[in-house]
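Biologist: I have a chain on screen and want to learn how to read it. Can you take me through some features in turn?

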Amino acid sequence: MAKKIKTVNEVELIQRAKKNFKFDFDACKETYDEMIDDLYFGQGINQWPDSVRVARENDKRPCLRINKMPQFVDRVLGDLRQSRPTIKARPFDDRADKDTAEIIGGIIRNIEQQSDAEIVYDSGAEAMVRCGYGAWRVLTDYVSDESFDQEILIDRIKNQFSVVFDANAKKWDKSDARRAYVYEDMPRDVFKQRWPKKDPCDFSAGGKDQGDWIREDTVRVMEYFERDITSHKLYLILPDGQQDTKTVTELPADYQYAIIKERTIQDPTITWYRISGKEILEGPIELKGQYIPLIPCYGKETNIEGKSYYNGIIRHAKDSQRLYNYFRSYDAETIALAPKAPWIMTAKMLGTYKAQWDQANERNFSYLLYDPDPNAPGVKPERNIPQMTNQAIIQQVMIADQELHDTTGLQLASLGKKSNEQSGAAIQARAKEGDIGQFTYIDNVMRAIKHTAKIIVDLIPYIYDTARVQRIIGEDGESKTVKINEQFEDEKTKESRIFDMTMGKYDVIASVGPSYQTQRQEALAAMIDFAKILDNQQRAIISDQIAATSDWHGADRIAKRLKRTIPPNLLGPEDAEEDPQPPAPPNEQEIKMQAMADAKMEVEQETAEVELAIKKAELEEKKAKAAIAEAEAAIKEAEATDVARGFQRPDNSSARATA
């Protein structure tokens, strides 16, 4: 995928990278700080302002954190995981075709499976829902240590704030960014192990001037992507004496032509470096493709005077959560302190028993003594017990709780809890209202995954550019292997085909919906419910489809058996079994062998017929001889009888002569 390019001026490159990074990081720092605070807040951290928390803790007053943020985050994430975006590739120009597009779609699904992309997408989506920003990346690697074939992978980025994009990029997915960064503050011992020949930059010897790049315990290591744009001309020409136009990047010098059209084409070149604050650690390497392989996933965007602000579901619910914590803490404090309500008495009543009264709220005395006050006859010490149920506090707790639902857009019905709606239709309508309000997050994840697929499709001609047997995965999740970048004979049509990954252009579409497995389960449930309203004969007719849609072991075999029991007149063309594979056409040698076999068979057949005729003739001859012998035996027997009787027959020959 990548190759080393010409040597660059290291000092200039480091200075340029650090200058650009400072500009781009400063532009997003304010937004990043708010996002980081959202993440802490969602974990129950910093839900009390420091000044309020310290004052209450000094007075030993409770600061409860009844964190309701996770339930709202989990609700949106649950919808995202149930409605995963799916990617399809489509032909874009006349050199692309539908079958190759399906192969590319299968390659993308295989890449996702090999990369555990569900984890990557879920991690980025969760960060986006919580704080408004997540990120992941596309990488390439060799298939194995024994091959030069490469493959594309999708990789997780745990710390999304380590990814910084060009502040001047305008597109939502940052596909027009001219630069991007992925940085890490690496411990010094790890740096030395990884790059033993590189300078770890001694902090005491000038590192203080490097800011965050060189610290006492860490060294900043950064991946730096630069996207340079070069231009060239594209011409549409008509050669003299011809009727068809040609598209060329350089005007020919060996024949005459007319220029029909011309325009300027931009060629992006992406260069990758890994740098410290002092030198280039790895690179420069020229990456293939036209996109920087980093994918942002943003939440809700608000643009104010040209600056974009992003937020997740937590941002606008913070104050409601703080109010809820405050009033619940006040309510708990009031109830907890009720048994320790102060005693009301005069100073003379304490008398000599002050020490006992000082411990009245800490120890359980069997009795409390006091001195009667002559100035307050009939008065005795009494507790000032506050009202246990403060309706104002309870009301404020309920208001704060409702405001949490209002600011997140997820009402009780959306969370599966009982609300004030009575009818089923009303409950569904309120739940749907919450789903629509949070669809922005689902749609934004779909956009990020679509951009991921665009990067992969852009890289496929460079990475999958050799003849190989490639595994692909269909929309139903089934895997198979196909030959790419080489001609092969189609098993069904016996035609020569080729799936050329380097030819044609393709684009991608993303759609959100249930997974293929979920769709099968929903279809099976609908079929079973529908079968309940049919009679026995009608159920028998669709029984094979119910079995075929089931996923338990042996369902396919049972479906085939049930199908054989259905009368043929009830089956349509779509129910016909797949045609058997046609035999391969014989070659010249096979034709000669077949002709010789046919000639031999013909001779053998003629010989058999002759032998049969001979046998029939011999049999007839035997029958004739047997008849003659039988007649002669009868004559002899008759003559013998006549002699015995004294009668002599006339000579047969004389008799015949007389006659």
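Predicted model: local features only at pLDDT ≥ 70, side-chain atom pairs only at ≥ 80, totals over all residues.

Biologist: How many residues does helix 3 have, and what span does it reach?

Modeller: Helix 3 covers residues 69-82, which is 14 residues. From first C-alpha to last it reaches 21 Å, close to the expected 20 Å.

Biologist: Which residues of helix 3 are buried?

Modeller: Buried means under 20% relative accessible area. In helix 3 the buried residues are Met69, Phe72, Val73, Arg75, Val76, Leu77, Asp79 and Leu80.

Biologist: Zoom out. How many helices and strands does the protein chain have?

Modeller: There are 17 helices and 20 strands. The protein chain has 659 residues, and 35% of them are buried. Now take contacts between residues at least 6 apart in sequence: 67% of them join residues at least 24 apart.

Biologist: How should I think about nonpolar cores?

Modeller: In soluble globular proteins, nonpolar side chains tend to be buried together. Here the largest nonpolar core holds 62 residues. Val129, Trp136, Ile152, Ile313, Tyr464 and Met501 touch the most other members. Helix 12 (residues 439-463) gives the largest share of this core, 13 residues. A second, separate core has 36 residues, including Tyr133, Trp272, Ile292 and Tyr310.

Biologist: Which residues does tyrosine 464 touch?

Modeller: Leave out residues up to four places away in sequence. Tyrosine 464 then touches Ile107, Ile111, Gln150, Glu151, Ile152, Gln470, Ile484, Asn485 and Met501.

Biologist: Now the surface. Which residues form a nonpolar patch there?

Modeller: Ile36, Tyr40 and Ile45 do, with about 240 Å² of accessible area together. Isoleucine 36 lies in helix 1 (residues 10-42).

Biologist: Why does isoleucine 36 count as partly exposed?

Modeller: Partly exposed is the range between under 20% for buried and over 50% for exposed. Isoleucine 36 counts as partly exposed because its relative accessibility is 31%.

Methods: Residues numbered from 1 in each chain as written. Heavy atoms only, no water. Patch = residues over 30% accessible without salt bridge, like charges linked within 9 Å, V, L, I, M, F, W, Y side chains within 5 Å. Areas by Shrake-Rupley, 256 points an atom, 1.4 Å probe, with all protein chains shown as cover. Salt bridge = Lys/Arg side-chain N within 4 Å of Asp/Glu carboxyl O. Helix = DSSP H or I, 4+ residues; strand = E, 2+ residues; numbered from the N terminus. Buried < 20%, exposed > 50% of the residue type's maximum accessible area, 1.4 Å probe, protein only. Core = buried A, V, L, I, M, F, W, Y, C linked by side-chain atoms within 4.5 Å. Contact = heavy atoms within 4.5 Å. Expected span 1.5 Å × (residues − 1).
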